[in-house]
Amino acid sequence: YLLADLVVSKDWGRTRFTTAFGWVHHDIDETYDSTVFNLPPQLYAQHTRVTLLSAESRLSGQTDGGLSWVVGSSIISNESRQRRMAGPVAAPEQLAGVRNEIEELALFGEASLPVTPTLTVTGGARFSQSHLSGSSLDAPAMLLQPLFGSLDATRAASASRKESAFLPSLALAWEIRISTVWLRRAFWLASAIICGFSALSAVKV
């Protein structure tokens, strides 16, 4: 398992620019005993490799009027490969594996404006476009051709698609301010009521 990240930021008065990069590489080896009763030792093994790369940049700031804002973009690329083997321990056979990949680009922005000392309005949006793809690995051509009916079986055993999404957001934040004097009065009143009930119960007993 390998992990690396880098964050760089720069301030210009009330404006800040931040960019962050991350990279992950993960190898997983798994081996299982798949021996059936009264048969020679069998195994099932699989190797999974995951590679993730992410990057995000954002620009944020605040004006004299209290308006705070942020705009930015992000990129994510994730690829996973899984290969499998099964059979006798001395000579396992290669099975069909799978490869999946996701790439996403996103743009986002948000702004918050205090309308009153206790009420803040926040609005924003996020647009993303994703590309998803997958294919088989190590699958014998003689097995894929009958399934997909194509001479180019390797290309037939793969698929991909694109997705786009736009997500707007709107929020209201209301801050409740209670005077310390009122809190003390409420606490005193609650204490008096509790003591009164306690004394009444004691008299009835």
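**Exercise 1. Describe the order and pairing of the 7 strands in the open sheet.**

Step 1. The order is β1-β2-β3-β4-β5-β6-β7, and the pairing is antiparallel. Strands are DSSP runs of E with at least two residues, numbered from the N terminus. Two strands pair if DSSP finds at least two bridges between them.

Step 2. Find the edges. They are β1 (2-12) and β7 (158-174), and each pairs on one side only.

Step 3. From one strand to the next, the twist averages 10 degrees. Angles run from 0 to 180 degrees between N-to-C directions, with axes fitted to C-alpha atoms.

Step 4. Take one pair. β1 and β2 (residues 15-33) share 11 bridges in the antiparallel sense. Asp11 stands opposite Arg16 in β2.

This is a predicted model: local features need pLDDT of at least 70, side-chain atom pairs need 80 or more, and totals for chains, interfaces and linings use all residues. Residues are numbered from 1 along each chain as its sequence is written, and side-chain values use heavy atoms, without hydrogens and water.

**Exercise 2. Decide whether Ser112 is buried or exposed, and find what Ser112 touches.**

Step 1. Locate Ser112. The residue sits in strand β5 (residues 93-116).

Step 2. Its relative accessibility is 16%, so Ser112 counts as buried. Buried means under 20% relative accessible area, exposed over 50%, partly exposed in between (1.4 Å probe, protein chains only).

Step 3. List the contacts (heavy atoms within 4.5 Å). Leaving out residues up to four places away in sequence, Ser112 touches Gly66, Leu67, Ser68, Thr120, Val121 and Thr122.

Terms used
Helix = DSSP H or I, 4+ residues; strand = E, 2+ residues; numbered from the N terminus.
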